[in-house]
Amino acid sequence: MSMAYEEYMRQLVQPMRDELVNAGFRELRTSEEVEQFMENVEGTTFVVVNSVCGCAAGLARPAATQAVLRSEKKPDHLVTVFAGQDKEATAKMREYFVGYAPSSPSMALLKGKEVVHFIPRDEIEFQSMEAVMENIMNAFEKHCD
């Protein structure tokens, strides 16, 4: 790929990254960052597998950010990886989603390294933002202290 293409893509996705980062999510951009985070994590972690698709823009990211803002119970950690952009980081994070097929966008709530709630693309796409947000908030209520 040309450097011009890489720069274009970097600029194109930056607002998509910023939407989650500005809401308190930590970006994990390399497989090493994912591994270091996951090997030392304690408590609950909400992971958003970000994407450039329309359902990520109109549903997943807004639902995730609003759920975090509105929920009384919140996870201890908020992290994100970007499918199609940070490929190695996304692949490494998906190794922790045992039993779940790769899906983007998607969201996972983990206790330690164990997935306790997973929302694949087919539970995001064609739903209302409010329904996705409710799904997330119900998981927070059930699994977060």
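Which elements each supply at least two residues of the lining of the largest cavity? In this predicted model, they are β4 (106-111), β5 (114-119) and α5 (129-143). The views below begin with that cavity.

**View 1. Lining of the largest cavity, with residues from β4, β5 and α5.** The structure holds one cavity of 30 Å³ or more. The volume of the largest cavity is about 40 Å³. Its lining is made up of Phe 46, Met 107, Ala 108, Leu 109, His 117, Ile 119, Ile 136, Ala 139 and Phe 140. Sorted by class, eight of the lining residues are nonpolar and one is polar, with no charged residues.

**View 2. The largest nonpolar core, of 25 residues.** Phe 25, Phe 46, Met 107, Ile 124, Ile 136 and Phe 140 have the most contacts inside this core. At least two of its residues come from each of β2 (44-50), α3 (54-70), β4 and α5. The most is given by α3, with eight residues.

**View 3. Surroundings of Phe 25, one of the residues with the most contacts inside the largest nonpolar core.** Leaving aside residues up to four places away in sequence, Phe 25 touches Leu 20, Phe 46, Val 48, Ala 64, Val 68, Leu 78, Val 79 and Thr 80. Another core, of 18 residues, lies apart from the largest one. Among the residues of this other core are Val 47, Ala 83, Ala 108 and Val 115.

**View 4. Thr 45 in strand β2.** Is Thr 45 buried or exposed? Thr 45 has a relative accessible area of 1%, and under 20% counts as buried, so Thr 45 is buried. Its contacts, not counting residues up to four places away in sequence, are Phe 37, Pro 75, His 77, Val 79, Ala 108, Leu 109 and Leu 110.

**View 5. Glu 33 in helix α2 (residues 31-40).** Glu 33 counts as partly exposed because its relative accessibility is 30%, between the limits of 20% for buried and 50% for exposed. Apart from residues up to four places away in sequence, Glu 33 touches Glu 27 and Leu 28. From Glu 33 to Glu 95 the separation is 62 residues in sequence and 14 Å in space, C-alpha to C-alpha.

**View 6. Buried residues of helix α4 (residues 87-94).** Ala 89, Thr 90, Lys 92 and Met 93 are buried in this helix. These residues lie on the same side of α4 because they cover an arc of only 165° around the axis. The cover over the buried residues of α4 includes α2, β2 and β3 (77-82).

**View 7. The largest pocket, with a volume of about 240 Å³.** The lining has 13 residues, and those nearest the centre of the pocket are Glu 6, Met 9, Arg 10, Gly 84 and Gln 85. Helix α1 (residues 3-21) gives the most to this lining, with seven residues. By class, the lining of the largest pocket comprises seven charged, four nonpolar and two polar residues. In the lining of the largest cavity, by contrast, there are no charged residues.

Technical notes. Residues are numbered from 1 along each chain as its sequence is written. This is a predicted model: local features need pLDDT of at least 70, side-chain atom pairs count only at pLDDT 80 or more; totals for chains, interfaces and linings use all residues. Side-chain values use heavy atoms; hydrogens and water are left out. On a 1 Å grid over the protein atoms alone, a cavity is a set of points where a 1.4 Å probe fits but cannot get out, and a pocket is an open set with protein on both sides within 12 Å along at least five of seven lines; lining residues have an atom within 4 Å of a point. Grid points are joined across faces, edges and corners, and a volume is the space filled by probe spheres set on the points. Helices (H or I, at least four residues) and strands (E, at least two) are DSSP runs, numbered from the N terminus. Ala, Val, Leu, Ile, Met, Phe, Trp, Tyr, Cys and Pro count as nonpolar, Asp, Glu, Lys and Arg as charged, and the others, Gly among them, as polar. A nonpolar core is a set of buried Ala, Val, Leu, Ile, Met, Phe, Trp, Tyr and Cys residues joined through side-chain atoms within 4.5 Å. Buried means under 20% relative accessible area, exposed over 50%, partly exposed in between (1.4 Å probe, protein chains only). Contact means heavy atoms within 4.5 Å. The arc is that of the directions from the helix axis to the C-beta atoms.
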